[in-house]
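Visitor: I am new to reading protein structures. Could you walk me through one, feature by feature?

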Amino acid sequence: AIIYCGIAHAACSDQARAGVKWGRCYLDEQNLAGVILDKADLREARFNRSDMSGASLNSSVARRAKFVSANLKGASLENADLRETDFTNADPRDARMANADLRRARLFRADLRGADLTGATLDATDLLKVFADSICFSTNNDYYFGGEPWLLISPEHAEILHREGLS
């Protein structure tokens with residue numbers, strides 16, 4: 001009998017479905033709108049510039065995945081492991097990210113308007129980066145004519161900052 005104990009590789013050509021194993025797959029510029037990828041293994045996968053609007057990635061593991069400039073509008077990433085995931089220039093407007101683990105996630109210029117981050121785990125440094133990026137690129141003319149920026153944060157974000165010793 002022959003016993004093989006090697007590493008199982010993802011079948012990157014597998015159809016999109018719940019539980020799919022796409023770890024380290026390159027899926028850049030794909031149309032994945034509305035797909036169901038619940039409980040999928042997406043570790044270190046690349047979805048750069050892909051359309052994932054309305055997709056469901058609930059309880060998926062997407063640690064260190066890349067969603068650079070991806071359309072995630074209205075996607076559901078509830079309870080997902082998104083640690084160290086790159087959302088640079090992504091569009092997760094109105095996405096549901098409740099209870100997601102976003103520690104050390106890169107959210108540079110990600111459009112989080114309307115996103116549900118209830119119970120999500122974020123580092124204070126990540127939040128501060130998002131706040132700073134948002135203030136730097138205002139859509140308001142008041143900045144140009146002597147106005148000052150205002151920063152209003154939710155009680156959940158205030159709790160994260162307080163928990164890490166910021167006031």
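Guide: Let us go from the whole chain to single residues, keeping in mind that this model is predicted.

Visitor: How many helices and strands are there in the chain?

Guide: The chain has two helices and zero strands. The helix α1 covers residues 124-136, and α2 covers residues 155-163.

Visitor: What share of the residues count as buried?

Guide: Buried means under 20% relative accessible area. By that cut-off, 38% of the 167 residues of the chain are buried. The chain exposes about 10000 Å², and carbon and sulfur atoms supply 50% of that area.

Visitor: Which residues touch the most other members of the largest nonpolar core?

Guide: The general idea first: in soluble globular proteins, nonpolar side chains tend to be buried together. Here the largest nonpolar core has 41 residues, and Trp22, Phe47, Met52, Phe67, Phe87 and Leu102 touch the most other members.

Visitor: What is Phe67 in contact with, leaving aside its neighbours within four places in sequence?

Guide: Its partners include Phe47, Met52 and Phe87, along with Leu57, Leu72 and Asn48.

Visitor: Then let us look at Asn48. Is Asn48 buried or exposed?

Guide: Asn48 is buried, at 5% relative accessibility, and lies in the segment before α1. A polar atom of the Asn48 side chain lies 3.0 Å from the backbone nitrogen of Val68. Not counting residues up to four places away in sequence, Asn48 touches Asp28, Glu29, Lys66, Phe67 and Val68.

Visitor: Now the helix α2. Which residues are buried there?

Guide: An α-helix has 3.6 residues a turn, so residues three or four places apart point the same way. In α2, His157, Ile160 and Leu161 are buried. They cover an arc of only 95° around the axis, so they sit on the same side of α2. On the other side of α2, Pro155, His162 and Arg163 are exposed. Just after α2 comes Gly165, which takes a positive phi of about 85°.

Visitor: Which residues does a disulfide join?

Guide: A disulfide is a covalent bond between the sulfur atoms of two cysteines. The count here comes to one disulfide, and this bond joins Cys12 to Cys25, with an S to S distance of 2.0 Å. Both Cys12 and Cys25 lie in the segment before α1, so the pair ties together parts that are 13 residues apart in sequence. The torsion about the S-S bond of Cys12 and Cys25 is about -85°, so the disulfide is left-handed.

Visitor: And how accessible is Cys12?

Guide: Cys12 is partly exposed, at 37% relative accessibility, whereas Cys25 is buried, with a relative accessible area of 1%.

Definitions and conventions
Residues are numbered from 1 along each chain as its sequence is written. This is a predicted model: local features need pLDDT of at least 70, side-chain atom pairs count only at pLDDT 80 or more; totals for chains, interfaces and linings use all residues. Side-chain values use heavy atoms; hydrogens and water are left out. A disulfide is a pair of cysteine sulfur atoms within 2.5 Å. Helices (H or I, at least four residues) and strands (E, at least two) are DSSP runs, numbered from the N terminus. Buried means under 20% relative accessible area, exposed over 50%, partly exposed in between (1.4 Å probe, protein chains only). A polar contact is a pair of N or O atoms within 3.5 Å; within protein, one must be able to donate a hydrogen and the other to accept it, and residues adjacent in sequence count only if both atoms are side-chain atoms. Contact means heavy atoms within 4.5 Å. The arc is that of the directions from the helix axis to the C-beta atoms. Accessible areas come from the Shrake-Rupley method with a 1.4 Å probe; for residues, only the protein chains shown count as cover. A nonpolar core is a set of buried Ala, Val, Leu, Ile, Met, Phe, Trp, Tyr and Cys residues joined through side-chain atoms within 4.5 Å.
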